[in-house]
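The following is a walk through a single chain, to be read with the coordinates open.

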Amino acid sequence: MPTKDVVVITGGAGGMGLACARRMADQASLLLVDLSDEALDQARGGLVADGAEVETLSCDVTSQADVDAMAAAVRSLGSFRSLVHTAGVSPEMAAPQRVLDVDLVGSVRVVNALLPMVRPGSSAILISSIAGYSEVDPTVEGLLADPLAPGFYEAVAQSLGHPLDSATAYVLAKRGVTRLVERSAAAWGERGGRIVAVAPGLIQTSMGLMEAERQPIMSVMTEMTPIKRPDQKLPGRPEDIAGVVSFLISDDAAFISGCDIRVDGGLVGAGRQMMSQG
């Protein structure tokens with residue numbers, strides 16, 4: 001009897017993760033991974049009611065033991081098909097070191113843990129951010145290639161030359177995710193797999209709305225976003241991300257790997273155009 005395909009969704013009870021789960025519910029067996037058992041149970045209940053096959057697992061991606069348990073769960077459920085890695089924290093949610101630990105170091109742990117299970121047709125889609133397109137000092141950027149190195153956080157802070165705040169940590173973490181995807185493409189390709197990053201713009205999730213309430217620049221960025229949705233506070237929707245992720249794990253995207261794809265309503269492009277005009 002053939003083993004079933006398994007799609008792992010980290011942050012699976014959150015806005016983007018749950019939107020991706022709904023989109024993929026009829027394509028494979030789902031393993032939803034998140035911190036809260038209560039949130040996972042609620043997410044699973046809704047998906048199962050719609051006919052999906054869903055398992056859940058509480059996991060902190062900063063814990064190697066938890067990530068190893070996630071990999072073991074995938075092996076027990078079937079054959080690894082795809083990772084959709086949406087787990088993360090925003091600048092207003094955590095201190096600088098926690099932001100780096102979750103958004104970058106955690107991403108490396110998850111990708112490394114699943115690599116041995118990659119087979120022809122496997123894929124990984126990691127959520128980056130348009131924040132990763134901000135300017136980063138080359139010396140600091142070089143450190144992002146090895147987030148598991150001892151003293152990584154201290155080295156980053158020292159290279160910056162000033163105290164590391166959560167907003168800067170978020171920029172560095174998301175830049176590090178795009179670099180992780182680039183340097184992992186060869187290893188995944190050797191096994192017949194692909195790895196891609198998706199950089200959301202301003203997306204109307206609970207996390208996005210919290211950032212919008214606390215960061216005045218978000219209203220400026222909303223106005224700058226070329227694609228308008230006046231019926232909502234932020235222009236992007238979780239379903240926008242889920243649609244792109246669904247395409248990227250499909251065979252239609254079989255030649256896409258090692259890159260970052262912006263799903264931002266044109267915000268980065270508009271910002272660059274504005275800067276070029278002075």
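Does Ala145 count as buried, exposed or partly exposed? The model is a predicted one, and in it Ala145 has a relative accessibility of 46%. Buried would need a value under 20% and exposed a value over 50%, so Ala145 falls in between and counts as partly exposed. The residue is placed in the loop between helix H5 (138-143) and helix H6 (152-160). Computed along the sequence, Ala145 and Gly106 are 39 residues apart, and their C-alpha atoms are 14 Å apart in space.

The strands come next. Strand S1 (residues 5-10) has 5 of its 6 residues buried, so the rest of the structure largely encloses it. S1 pairs with two strands. With strand S2 (residues 29-34) the pairing is parallel and runs over 5 bridges, and Val7 stands opposite Leu30 there. Between S1 and S2 the chain passes through H1, and this β-α-β crossover is right-handed. With S4 the pairing is again parallel, through 6 bridges. Asp5 has Ser79 of S4 as its bridge partner, and Val7 has Ser82 of S4.

S4 has 7 of its 7 residues buried, so this strand too is largely enclosed by the rest of the structure. S4 is also joined to strand S5 (residues 123-127) by 4 bridges, and these two strands run parallel. Val84 stands opposite Ile125 in S5. The path from S4 to S5 goes through H4, and the β-α-β crossover it makes is right-handed.

Apart from neighbours within four places in sequence, Gly15 is in contact with Thr205 and Pro238.

Now to the interior. In soluble globular proteins, nonpolar side chains tend to be buried together. Here the largest nonpolar core has 50 residues, and the members that touch the most others are Val8, Leu31, Phe80 and Leu126. Helix H4 (residues 96-114) gives the most to this core, with 10 residues. Val8 shows the kind of surroundings involved: beyond four places in sequence, the residues it touches include Leu31, Val33, Met70, Val74 and Phe80. Another core, of 29 residues, lies apart from the largest one; among its members are Leu18, Val54, Val196 and Ile249.

Which aromatic rings pair, and in what geometry? A search of the whole structure finds 1 aromatic pair. The ring centres of Phe80 and Trp188 are 6.2 Å apart and the planes stand at 75°, so the pair is edge-to-face. Phe80 belongs to strand S4 (residues 79-85) and Trp188 to helix H7 (residues 166-190), so that the pair links parts of the chain 108 residues apart. Both partners are buried: Phe80 has a relative accessible area of 2%, and Trp188 has one of 1%.

Ser184 also lies in helix H7. Its relative accessible area is 10%, which is under the 20% limit, so Ser184 counts as buried. Leaving out neighbours within four places in sequence, Ser184 is in contact with Val111 and Ile195.

Two further places complete the tour. In helix H8 (residues 206-214), the residues Gly208, Met210, Glu211 and Ala212 are buried, and what covers the buried residues of H8 includes helix H9 (217-224). Elsewhere, Arg262 has its charged end over the ring of Tyr133, 5.3 Å from the ring centre.

Key: Residues are numbered from 1 along each chain as its sequence is written. This is a predicted model: local features need pLDDT of at least 70, side-chain atom pairs count only at pLDDT 80 or more; totals for chains, interfaces and linings use all residues. Side-chain values use heavy atoms; hydrogens and water are left out. Buried means under 20% relative accessible area, exposed over 50%, partly exposed in between (1.4 Å probe, protein chains only). Contact means heavy atoms within 4.5 Å. A nonpolar core is a set of buried Ala, Val, Leu, Ile, Met, Phe, Trp, Tyr and Cys residues joined through side-chain atoms within 4.5 Å. Rings of Phe, Tyr and Trp (its six-membered ring) pair if their centres lie within 6.5 Å; planes under 30 degrees apart count as stacked, over 60 as edge-to-face and the rest as tilted. A charge sits over a ring if NZ of Lys or CZ of Arg is within 6 Å of the ring centre and within 35 degrees of the ring normal. Two strands pair if DSSP finds at least two bridges between them. A crossover is right-handed if, with the strands pointing away from the viewer, the path from the first strand over the helix to the second runs clockwise.
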